[in-house]
Amino acid sequence: MIYPKIALAQSIIEILSAKGIVNIIISPGSRNAPLTIGFAQNPNFTCYSIADERCAAFFALGIAQQTKQPTAIVCTSGSALLNYYPAFAEAFYSQIPLIVISADRPQSKIDIGDGQTIRQENVFSNHSVFNANLTEEASEENDLKINLAIETAIQKKGPVHINAPFEEPLYETTEELSVQPIITNPEPEAFPVAIENSDEIVSIWNTAKRKLILVGVNEANAIDQEVIENLASDPSIVVLTETTSNLHHPSFINSIDTLITPFDDFDFKKFNPEVLITFGGMVVSKRIKGFLRKYKPEQHWHIDTLRAYDTFGALTKHFEMQPNDFFKDLLSKTSFVKSNYFKNVDAVYQTRLERRKEYLSKIDFSDFKVFEKVIESLPKNSLLQISNSSAIRYAQLIDIESSIEVFCNRGTSGIDGSTSTAIGAAVGNKKQTVFVTGDISFLYDSNALWNSYIPKNFKIILINNGGGGIFRILPGHQEKPVFNTYFETSHNFTAEHLAKMYNFNYYAAKDNESLESGIQSLYSSDNVPAILEVFTPTLENDQILKQYFKYLY
């Protein structure tokens, strides 16, 4: 086997191999040549070459999101490393293991005017769960730092940074290893499966007549069906889910804004829970956050093995457990309480759903109508990746078939790497992947298509309304040049030429009839990735959406 001659590079590669890290995303450069040579010629690794570091990092994020295993990204020195930061921050807040390995110049070359050199050590310190600043020579101390970085990424489910200084010559190789690095094997962290000092919790639960469970970003199949049925059967429990919750039951409310947007103070006070339980990641709905901040529950319990954000200023208890274990233990010790809480809320929700059905049957071709048709058309057992801004908000208003898993970069809620993440996810999971995105997000991350690994069955549905439609929905919108130029960023671009350049099949739609035929063409295009671009009316979209919430009253 061919190895880099630099011993430190050998150590890094051998430790990653021993730790079972498989996927390595490499961006081109000279300073990282020792790592590139070693990773690319080692059969234990699957390597990908992505030129744009920002795209590379989000691509790695998508793979890690699906495999649930750390993915490593490797770059050269200088500003290349800084381009990883958006995905690094997303990994931190979405609890996704990511291993950044940056090649650096030796310390003696920093801040003396040498080219392609910045202060790389601890550059991600605000969002890193571990920083391994290595010294130039291979050593036991370096080995331990590398081991600890990988272990921390796994245990804390977050991004780590390994910074490795290399001196020239960088391209020399050898057929013999010059190192035998230390490999540590810590015991996996075990979390409790029973609630500690549960008597008080059980007592509160058994007396509360209004219990609200709010589920954020959540993995599919994380909660046992028995637990789901128990929660759905309790008359004192209302379960609110979102598109990204991946948790389904006919009794669960899966369009929060459809339910609560028309509420007045009287409705909110009746809906106000005594006990709020939250689990999962970030919540999309601003309205539910605003409600719970104003009408604070007496008890707010958050279940997460690592973190508990006090999102509503009412947190009373953090259970460092898996949510499924928490509910299994709690429900085995508690009983149903006589209550009309679910009955009353569900009656309102069912009325809202009828109004939604009526409204969707009446409206003209628009973003809202397109999302209804697009989501209805999704193949069963597929993966749905959604970009941020308007796209994820529209998706919250439409029912999604329970076999479809839904993902979105909600950690930082940025539009910057949604396409790259979706492509990485399609590589990391062999299921059919469909990516639904808005035009600004798509154009912002267009380099994502500069990628040689896009699966043939990867589909993009691009809703092009000519700008940042989210800003028309937000308060303060006024039809003025400042708004059009600096907020909405109005444009006349399409994806047609990008599709041609990157060998995607391209289809376009501008009304209900062409949308239906475009969807059929998109999914029948099996042998090449494809884009369906749907053009919607810029000026009508926000009015149709705003009118929807008024129609629910």
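**Close-up 1. Contacts around I392 in a predicted model.** Setting aside neighbours within four places in sequence, I392 is in contact (heavy atoms within 4.5 Å) with T244, V284, I386, S387, C408 and R410. I392 sits in helix 14 (residues 390-395); helices here are DSSP runs of H or I with at least four residues, numbered from the N terminus. With a relative accessible area of 0%, I392 is buried, a word that stands for under 20% relative accessible area with a 1.4 Å probe, protein chains only. I392 and R410 are 18 residues apart in sequence, and their C-alpha atoms are 9.4 Å apart in space.

Before moving on, a note on the model: it is predicted, so local features need pLDDT of at least 70 and side-chain atom pairs count only at pLDDT 80 or more, while totals for chains, interfaces and linings use all residues. Residues are numbered from 1 along each chain as its sequence is written, and side-chain values use heavy atoms, leaving out hydrogens and water.

**Close-up 2. Helix 3 meets helix 15.** The axes (lines fitted to C-alpha atoms over the stretch in contact, with angles from 0 to 180 degrees between N-to-C directions) of helix 3 (residues 53-67) and helix 15 (residues 418-428) come within 6 Å and cross at roughly 40°. Residues of helix 3 at this meeting include F58, F59 and I63, and those of helix 15 include I423, A425 and V427.

**Close-up 3. Helix 1 and the residue G20.** Of the 12 residues of helix 1 (residues 7-18), 9 are buried, so this helix is largely enclosed by the rest of the structure. Among the buried ones are L8, I12, I15 and L16. Just after helix 1, G20 takes a positive phi of about 80°.

Key:
Helix = DSSP H or I, 4+ residues; strand = E, 2+ residues; numbered from the N terminus. Expected span 1.5 Å × (residues − 1). Buried < 20%, exposed > 50% of the residue type's maximum accessible area, 1.4 Å probe, protein only.
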